[in-house]
Amino acid sequence: MNSFSSIFKFIAKHQSFYVSFREIFLTSLAAFVAIFTLVIVVHYASFSAKLSMLVLASMGASTFLLFVVPHSPMSQPWPVIGGHFISSVIGVACAQYIGSPALATAVAVSLSIFAMHCLQCLHPPSAATAMIAVLGGAEVHAMGWQFCYEVVVINAGAMVSLAIIINGYILKRHYPTNHTHHLHHEQFAKSDHDPYSELTEEDFKYALAHIDGVVDVGVEDLIDLYEFAVEYAQQQKKNTLT
């Protein structure tokens, strides 16, 4: 019993994300609905391959980003669709023109990352799509470029559409974010606030628990950013006075 208690204490001490149970439940439910719907949509959208071939495994990772961290720049529509499509094109090209599977896979992933950087569509699960194009076996290779515009585009497009509907109209989140503030920001800006003391780690934990979705940054990083911002603001104020 003591060992279990020690484990739970260790986990609590090293907790990285502070999210309400309601948010965890809604996020998990949204992921279930999205994947279930994706399988059905993809099944009826194309009949040129088996169902297991048409639903990409990399969509599971995309689902995580779209519903757990919907505010992330990597979760927005262009990174999702563009990242998967570009990576699939690179993956198919590597599979066709590089004889060694190991070399083809490594080149596909590295070039996909490079291309996503250049085209501003970074989406980590897309690297897995590049690997699927190379290591997917005879069925994937037989599809050739059709894998890119049929399988990948249908998967990514359907997933983004589901994210817009579920996040925006059901969970009432800002998605796509378009770099907008949380709804609370406007209310906060209009309210009169008494001078408040220096923010603490507990304050940041509270704030993180009230954002819709997980913010992909640690409490320590937020505190560091806050401290740098305060120092900069104070320095600017001194410069203005002098």
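**Chatting through the model**

Mentor: Let's start with ring pairs: the count comes to one aromatic pair, where rings of Phe, Tyr and Trp (its six-membered ring) pair if their centres lie within 6.5 Å.

Trainee: Which residues form that aromatic pair, and how is it arranged?

Mentor: Phe32 and Phe36 form it, and the pair is stacked, with 6.0 Å centre to centre and 15° between the planes. Planes under 30 degrees apart count as stacked, over 60 as edge-to-face and the rest as tilted.

Trainee: Why are Phe32 and Phe36 separated by about one helical turn?

Mentor: Because they are four residues apart in helix α2, residues 21-45.

Trainee: Buried or exposed, those two?

Mentor: Phe32 and Phe36 are both exposed. Buried means under 20% relative accessible area, exposed over 50%, partly exposed in between, with a 1.4 Å probe and protein chains only.

Trainee: Before we go on, what sort of model is this?

Mentor: It's a predicted model, so local features need pLDDT of at least 70 and side-chain atom pairs count only at pLDDT 80 or more, while totals for chains, interfaces and linings use all residues. Residues are numbered from 1 along each chain as its sequence is written, and side-chain values use heavy atoms, with hydrogens and water left out.

Trainee: Okay, big picture. How many helices and strands does the chain have?

Mentor: The chain has 12 helices and zero strands. Helices (H or I, at least four residues) and strands (E, at least two) are DSSP runs, numbered from the N terminus.

Trainee: And how much of the chain is buried?

Mentor: Of its 242 residues, 35% count as buried. Also, among contacts in the chain with a separation of 6 or more, 74% come from residues 24 or more positions apart. Contact means heavy atoms within 4.5 Å.

Trainee: Let's go to α7. Which of its residues are buried?

Mentor: In α7, residues 125-135, they are Pro125, Ser126, Ala127, Thr129, Ala130, Ala133 and Val134.

Trainee: What covers them?

Mentor: The cover includes α4 (58-68), α5 (77-97), α6 (101-118), α8 (138-143) and α9 (146-170).

Trainee: How do α5 and α7 sit against each other?

Mentor: Their axes come within 7 Å and cross at roughly 25°. That makes α5 roughly parallel to α7. Axes are lines fitted to C-alpha atoms, for helices over the stretch in contact, and angles run from 0 to 180 degrees between N-to-C directions. Under 35 degrees counts as roughly parallel, over 145 as roughly antiparallel, 65 to 115 as roughly perpendicular and the rest as oblique.

Trainee: What kinds of residues make the contact of α5 with α7?

Mentor: By class, there are 10 nonpolar, seven polar and no charged residues. Ala, Val, Leu, Ile, Met, Phe, Trp, Tyr, Cys and Pro count as nonpolar, Asp, Glu, Lys and Arg as charged, and the others, Gly among them, as polar. On the α5 side, the residues include Gly83, Ser87 and Gly91.

Trainee: And how do α5 and α9 pack?

Mentor: At an angle of about 160°, with their axes 9 Å apart. That makes α5 roughly antiparallel to α9. Their contact has 13 nonpolar, three polar and no charged residues. Among those meeting there are Ile81 and Phe85 in α5, and Val152 and Val153 in α9.

Trainee: New topic: where is there a cis peptide bond?

Mentor: From Tyr175 to Pro176, with omega near -5°. Pro176 is in the loop between α9 and α10 (183-190).

Trainee: Which residue in that loop has a positive phi?

Mentor: Lys172 does, at about 60°, although it is not a glycine, and it is found in the loop between α9 and α10. Lys172 counts as exposed at 56% relative accessibility. Gln120 has a positive phi too, about 55°, and is not a glycine either. Gln120 lies in the loop between α6 and α7 and is exposed, with a relative accessible area of 62%.

Trainee: Last one, back in α2. What does Ala31 touch?

Mentor: Thr63 and Phe67, not counting residues up to four places away in sequence. Ala31 is partly exposed, with a relative accessible area of 23%. The C-alpha atoms of Ala31 and Leu66 are separated by 8.7 Å, though the two residues are 35 apart along the chain.
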